[in-house]
Amino acid sequence: LKNIYHKVQRKKFLKKIQPYVALNQDSYYGPGFSVDLRNPQNNKIYLSTGKHCMLEGRYVFEKESGQILIGNRVHIGNSTFISVNEIRIDDDVTIAWDCLFYDHNSHSIHWEERKKDTEQEYADIKENGNSIKNKNWDVVRSAPIHICSKVWIGTGCNILKGVTIGEGAIVGAGSVVVKEVEPWTMVGGNPATILKRLQG
């Protein structure tokens, strides 16, 4: 009975998000796969996926401008992607569990611009159940993330706004990536730096 219940819930979930996603039917979407649309805009595709992917993970769109594009033969463990800009993942990428991809700062770096954020979130959650319904995004910096083909990202990594990870690069477990990673390099640490050059 438990399996039947979960299958019914899964069908309801997929039907609910259908207008906002383009999920390739030749890919696998595991039980940990979820899409969180905070302020969805009609006639917009927020998440698109390629063929022969193995996908888990949580895909969060905090603003109507967010977009996540996933290529072919991509493997994603139970990681989190939070977008108000764009996260692009090219073909043949492997992403392990517990990674975080964040294409914006979430808050202003200036106290005067963020001091009312929590009060606004509290008011929004009480009024309509959406804590960022009236968030002021004008003071929040964002920039796209691009993961090029053949990249492997180890478990527990944080990939932050504006980062491009070049073709064939490897990001070691637990790394925090804040700037561009050269193609065919292995990086690690916080902040991530080059540990080794690889053969393409």
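A residue is called buried when its relative accessible area is under 20%, exposed when this is over 50%, and partly exposed in between (1.4 Å probe, protein chains only). The structure is a predicted model, in which local features need pLDDT of at least 70 and side-chain atom pairs count only at pLDDT 80 or more, while totals for chains, interfaces and linings use all residues. Residues are numbered from 1 along each chain as its sequence is written, and side-chain values use heavy atoms, without hydrogens and water.

Helices (H or I, at least four residues) and strands (E, at least two) are DSSP runs numbered from the N terminus, and two strands pair if DSSP finds at least two bridges between them. Strand β17 (residues 170-171) pairs with β19 in the parallel sense over two bridges; here Val-171 has Val-187 as its bridge partner. On β19 and β20, which run antiparallel, four bridges are found, and Gly-188 is partnered by Thr-193 of β20. These two strands form a hairpin with four residues between them, and Gly-189 in the turn has a positive phi of about 105 degrees.

The loop between β19 (185-188) and β20 (193-197) also holds Pro-191, which a cis peptide bond joins to Asn-190, with omega about -5 degrees. Most residues other than glycine have a negative phi, and most peptide bonds are trans.

Trp-184, not a glycine, has a positive phi near 50 degrees. Trp-184 lies in the loop between β18 (176-177) and β19 and is partly exposed, at 26% relative accessible area. Asp-92 likewise has a positive phi, of about 60 degrees; its place is the loop between β10 (87-89) and β11 (94-95). Asp-92 is partly exposed, with a relative accessible area of 31%.
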